[in-house]
Amino acid sequence: MIVRRVLSAGLLAALATASVSACGAQSSEQPVGKAAAPAAASAPATAPAAADAAPPVAITDPWVKTTKKGMSAAFGTLVNNTDSDITVVSGASPLSPKIELHEVVDAKGKMVMRPKEGGFVIPARGTHQLQPGGDHIMLMGVTEEVKPGAQIPFTLTLKGGETLEFTAVGKDFAGGKEDYQPGKDMNKSHG
Ligand SMILES: [Cu+2]
């Protein structure tokens, strides 16, 4: 028990250190070069550091393939602003009661999609692309028509339980080798 307590304390200390580092200017040990630099013209004078506003994880240009009903998919570029890998483990949206995280793989020359084991990993300080023909957020049963320009709210849940909320925009897309439309059988069983 004592060992476990010590370990926990160590972890907590590490976490505390990490969050202090993330806040940058709040730690007296951190160099304040960024805050002192006059080049940051766009930052308000009172903002100590732009890093304070950067979320640990974000998504750029999120969009949803337009569809009348059935299946569709959401795409965008996941951005990791931290020094550790971040894993997206699940997704949710009012547009579809069931959502899966998919990948597209080459199965004997045929591109097929399937749930991605372990979710999407965004490398530390890196990005992870969600795009047609690759990883995507799969909407298994779209409940209403998605028109171009539609605003669709999404929530992604990360491995640690944190969430990333964003709004994806409806966009027509005809390309891609994989089929995001439901088969006839699935139509039949749907609803
Ligand atoms: Cu899919």
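Why does Asp-61 count as exposed? Asp-61 has 11 C-beta neighbours inside 10 Å and therefore falls in the exposed class; a residue is exposed if 12 or fewer other C-beta atoms lie within 10 Å of its own, buried if 20 or more do, and partly exposed in between, with C-beta atoms placed from the backbone.

The model is a predicted one, in which local features need pLDDT of at least 70, side-chain atom pairs count only at pLDDT 80 or more, and totals for chains, interfaces and linings use all residues. Residues are numbered from 1 along each chain as its sequence is written.

The protein chain holds 3 helices and 10 strands, where helices (H or I, at least four residues) and strands (E, at least two) are DSSP runs numbered from the N terminus. Read from the N terminus, the order is α-α-β-β-β-β-β-β-β-β-β-β-α. The chain has 191 residues, of which 20% count as buried. Two residues are in contact if their C-beta atoms, placed from the backbone, lie within 7 Å. Of the contacts between residues at least 6 apart in sequence, 64% join residues at least 24 apart.

Confidence comes next. The mean pLDDT (the predictor's confidence in each residue, from 0 to 100) is 77 for the protein chain, and 63% of its residues reach 70 or more. Residues 1–45 have pLDDT below 50, and this stretch has 18 contacts in the model beyond near neighbours in sequence. Over residues 181–191 pLDDT also stays under 50, with 9 contacts beyond four places in sequence. Where pLDDT is low, the predicted coordinates should not be read in detail.

The largest nonpolar core has 24 residues; such a core is a set of buried Ala, Val, Leu, Ile, Met, Phe, Trp, Tyr and Cys residues joined through C-beta atoms within 7 Å. Ala-73, Ala-74, Leu-78, Ile-137, Leu-139 and Ile-152 touch the most other members. Two or more residues each come from β1 (57–65), β2 (70–80), β3 (86–92), β4 (99–107), β6 (120–122), β8 (136–142) and β9 (151–158). The largest share, 5 residues, is that of β2. Leaving aside residues up to four places away in sequence, Leu-139 touches Met-71, Ser-72, Ala-73, Ala-74, Ser-93, Leu-95, Ser-96 and Ile-99.

Backbone angles lead back to the opening residue. Most residues other than glycine have a negative phi. Asp-61, placed in strand β1, has a positive phi near 50°. Arg-125, in the loop between β6 and β7 (127–130), has a positive phi near 55°. Arg-125 counts as exposed because it has 12 C-beta neighbours inside 10 Å.
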